[in-house]
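Keep the sequence and the model side by side as you read.

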Amino acid sequence: MCYSKEGKYDKAINAFDYCILIEKGISLPYHQKALLQIETEDYKGALETYHECLKYDENSAALYSYMGECHEKLNDYPKALELYRTAIKLNEFQADAWLGIGIVKDLQDDTVNALPYLKKAVQLQEESPDYWFIFAEANFKLGNIAEAETAYEKVVELEPENVFAWLDYSNLAEEQQSLDDALLIIEDALAANPQNAKLLYRKAVYFAD
């Protein structure tokens, strides 16, 4: 865990391998090793580790959700959906799995059917700015302006340092022909992120318009 916190992922993975060799029946080292493999984008390796972990933790909803994420990253969407659904069957409150299904359906250009899953995810994780951001983007894509606006407001409330959320939020206002509102949003963003270059550039563009 210390190696992991220092970003020394190879050494951390080796240490977790030693844990597994010493006592195979404990699932935690498998979970931690797989998370590091995901962090380093070794999704195939992570899946191998999770499959080993299944021998000792077969009823873990989180495990199936992580496996679904690996298949999602490998663009194997049918398998990802299958695993996310398995996670939900094991635990209907597994928010990551609801979010995962929504993301996959959106990637499959099925944003309309993605939305109920994303909505369920934010209901389960109301304090996650990442969840709200994804939900906002999906609503914006579908033209659900009021819902998107509410979601962006939630993102910047929870994570005012998220510059990309502020930019997308201001873009929503601009597309609604409300340049004054877009400028106000950027002013609020700059209050939370003084002298941020991206925000200053967007402000200059709005003034030029």
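From the N terminus on, the elements of the chain run α-α-α-α-α-α-α-α-α-α-α-α-α. The secondary structure comes to 13 helices and 0 strands. Both kinds of element are DSSP runs numbered from the N terminus: helices are H or I with at least four residues, strands are E with at least two. This is a predicted model, in which local features need pLDDT of at least 70 and side-chain atom pairs count only at pLDDT 80 or more, while totals for chains, interfaces and linings use all residues. Residues are numbered from 1 along each chain as its sequence is written, and side-chain values use heavy atoms, with hydrogens and water left out.

Along its principal axes, the C-alpha trace spans about 65 × 40 × 25 Å. Y56 and K154 give a sense of distance within it: their C-alpha atoms are separated by 39 Å, and the two residues are 98 apart along the chain. Y56 sits in the loop between helix 4 (43-53) and helix 5 (61-73). Of the 209 residues of the chain, 42% count as buried. Buried means under 20% relative accessible area, exposed means over 50%, and partly exposed is in between (1.4 Å probe, protein chains only). Y56 counts as partly exposed because its relative accessibility is 34%.

Now the salt bridges. Side chains of opposite charge can pair when their charged atoms come close. Here a salt bridge is a side-chain nitrogen of Lys or Arg within 4 Å of a carboxyl oxygen of Asp or Glu. The structure holds 6 salt bridges. One of them joins K8 to E6, with the closest N and O atoms 3.2 Å apart. K8 is partly exposed at 40% relative accessibility, and E6 is exposed at 53%.

K33 and D17 meet in another salt bridge, at 2.7 Å from N to O. K33 lies in helix 3 (residues 28-39) and D17 in helix 2, so the pair ties together parts that are 16 residues apart in sequence. K33 counts as buried, because its relative accessibility is 15%. D17, at 25%, counts as partly exposed.

D106 and K141 also form a salt bridge, and their closest N and O atoms are 2.8 Å apart. This pair links distant parts of the chain: D106 is in helix 7 (residues 95-107), K141 is in helix 9, and 35 residues separate them. D106 is partly exposed at 21% relative accessibility. K141 is exposed at 53%.

Next, the aromatic rings. Rings of Phe, Tyr and Trp (its six-membered ring) pair if their centres lie within 6.5 Å; planes under 30 degrees apart count as stacked, over 60 as edge-to-face and the rest as tilted. By this rule the count comes to 7 aromatic pairs. W132 and F135 form an edge-to-face pair, 6.0 Å centre to centre with 70° between the planes. Both lie in helix 9 (residues 129-142), 3 residues apart, about one turn of the helix. W132 is buried, with a relative accessible area of 14%. F135 is buried as well, at 10%. Elsewhere, ring pairs link F133, F140, Y152 and Y169 into a cluster.

Finally, the surface patches. Patches are made of residues with over 30% relative accessible area and no salt bridge; like charges are joined within 9 Å, and nonpolar side chains (Val, Leu, Ile, Met, Phe, Trp, Tyr) within 5 Å. Accessible areas come from the Shrake-Rupley method with a 1.4 Å probe, and for residues only the protein chains shown count as cover. Y18, L21 and I22 make a nonpolar surface patch of about 420 Å². I22 is found in helix 2 (residues 9-22). I22 counts as exposed because its relative accessibility is 72%.

Which residues form the negative surface patch? They are E126, E127, E149, E153, E157, D180 and D181. For charge, Lys and Arg count as positive and Asp and Glu as negative; His and the chain ends are not counted. The place of a charge is taken as NZ of Lys, CZ of Arg, CG of Asp or CD of Glu. Helix 10 (145-158) and helix 12 (179-192) each supply at least two residues of this patch. Helix 10 gives the most, with 3 residues. E157 lies in helix 10, and at 57% relative accessibility E157 counts as exposed.
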